[in-house]
Amino acid sequence: MSEDLESSDPTQPKASFGFARVGEDRKQGLVNEVFARVARRYDLMNDLMSGGLHRLWKNDLVSWLAPWKSVVPYALLDVAGGTGDVALRVVEASGPGARAVICDISAEMMEVGRARAEGVGERLSFVRGNAEVLPFADRNFDAYTIAFGMRNLTHLEAALREAFRVLKPGGRFLCLEFSSVEVPLLDTLYDAYSLNAIPALGQLVAGDSTSYRYLVESIRRFPDQKNFMRLIENAGFERVRYRNLTGGIAAVHSAWRL
Ligand SMILES: C[S@@+](CC[C@H](N)C(=O)[O-])C[C@H]1O[C@@H](n2cnc3c(N)ncnc32)[C@H](O)[C@@H]1O
């Protein structure tokens, strides 16, 4: 990471941007630059980097969510929803009463999502907004999902409080995120693959290794399964559980606003 990023105002609290420490006021701008750069190739790169595994992980999230299949209205908020991959899956797996709102801070990512969502009509909508200060009323949604979004945020606690606020009592929270590998040997192999091969793949396919290096490094800075559980509980959620996927390369955390 460059000198320039490391040397932000020393009086500012620090946030991690990949392996670098940056002023809290700078992190979101840097994250936004990454997603503006990767948006057009985002879905292709997801498939290449994970060998298609991200599809299975997202399907796992949707099956644990078990969205309603009836005509009864069901409102999903997919935060940091990007190109709409999770929201589209939820809508496909639900009944005719389901509607999904994709909320993301990146206009570029949502532009790709809007093109993908043609044909789904009014069941999907896109709202630009920050996960840490959501532009929605209290007690508005039956479910809140966030996939591979949490680790990009500056203030996890604020985002979790917002998730709790916008959910109806009885509402469900589900977060899919890269996590800590809990299988010996797989952790070493995964480290070697992700820290070396993924930036190289980013360079080859998208001409951009820096953005992909950030995406990999940010995984190492995210709390592990148990510590993230505690943060979710601290935001007021109950019945907090998690499931490891592929030995803990990723994990889904589930919780309820009761
Ligand atoms: C790795 S992508 C995940 C996209 C999608 N959920 C998926 O799984 O394919 C992370 C997304 O988080 C969004 N993001 C980053 N910071 C955000 C914030 N503060 N509020 C809302 N979205 C944010 C980015 O713009 C990007 O679209």
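Let's start at a turn: strands S8 and S9 form a hairpin with 4 residues between them, and Thr 246 in that turn has a positive phi of about 50 degrees. Strands (E, at least two residues) and helices (H or I, at least four) are DSSP runs, numbered from the N terminus. This is a predicted model, where local features need pLDDT of at least 70 and side-chain atom pairs count only at pLDDT 80 or more, while totals for chains, interfaces and linings use all residues. Residues are numbered from 1 along each chain as its sequence is written, and side-chain values use heavy atoms, with hydrogens and water left out.

**The sheet**
- S8 and S9 pair in the antiparallel sense over 6 bridges; two strands pair if DSSP finds at least two bridges between them.
- Ala 250 in S9 is the bridge partner of Leu 245, and Ala 250 is also the bridge partner of Phe 178.
- S7 (residues 167-178) pairs with S9 (residues 250-257) over 8 bridges, in the antiparallel sense.
- Zooming out, there's an open sheet of 7 strands in the order S5-S4-S3-S6-S7-S9-S8, with mixed pairing.
- At the edges sit S5 (124-128) and S8 (238-245), each pairing on one side only.
- On average, neighbouring strands of this sheet are turned by 15 degrees against each other, direction ignored.

**Helices on the sheet**
- Helix H5 (residues 85-93) packs on the sheet and touches S3 (74-79), S4 (98-104), S5 and S6 (141-147); contact means heavy atoms within 4.5 Å.
- The direction of H5 makes about 160 degrees with that of S3; axes are lines fitted to C-alpha atoms, for helices over the stretch in contact, and angles run from 0 to 180 degrees between N-to-C directions.
- Helix H10 (residues 225-234) lies across S7, S8 and S9, running at about 155 degrees to S8.

**The ligand**
- There are 20 residues around the ligand, and Ala 80, Asp 104, Asn 130, Ala 131 and Ala 147 come nearest; a residue counts if one of its heavy atoms lies within 4 Å.
- The side chain of Asp 104 has an N or O atom 2.7 Å from a ligand oxygen.
- A polar side-chain atom of Asn 130 lies 2.9 Å from a ligand nitrogen.
- The protein covers 99% of the 600 Å² of accessible area that the ligand has on its own, by the Shrake-Rupley method with a 1.4 Å probe.

**Salt bridges**
- The structure holds 13 salt bridges, each a side-chain nitrogen of Lys or Arg within 4 Å of a carboxyl oxygen of Asp or Glu.
- One of them joins Asp 208 and Arg 37, with the closest N and O atoms 3.5 Å apart.
- That pair links distant parts of the chain, 171 residues apart: Asp 208 is in the loop between helix H8 (186-206) and helix H9 (209-220), and Arg 37 is in helix H2 (residues 24-38).

Conventions: A polar contact is a pair of N or O atoms within 3.5 Å; within protein, one must be able to donate a hydrogen and the other to accept it, and residues adjacent in sequence count only if both atoms are side-chain atoms.
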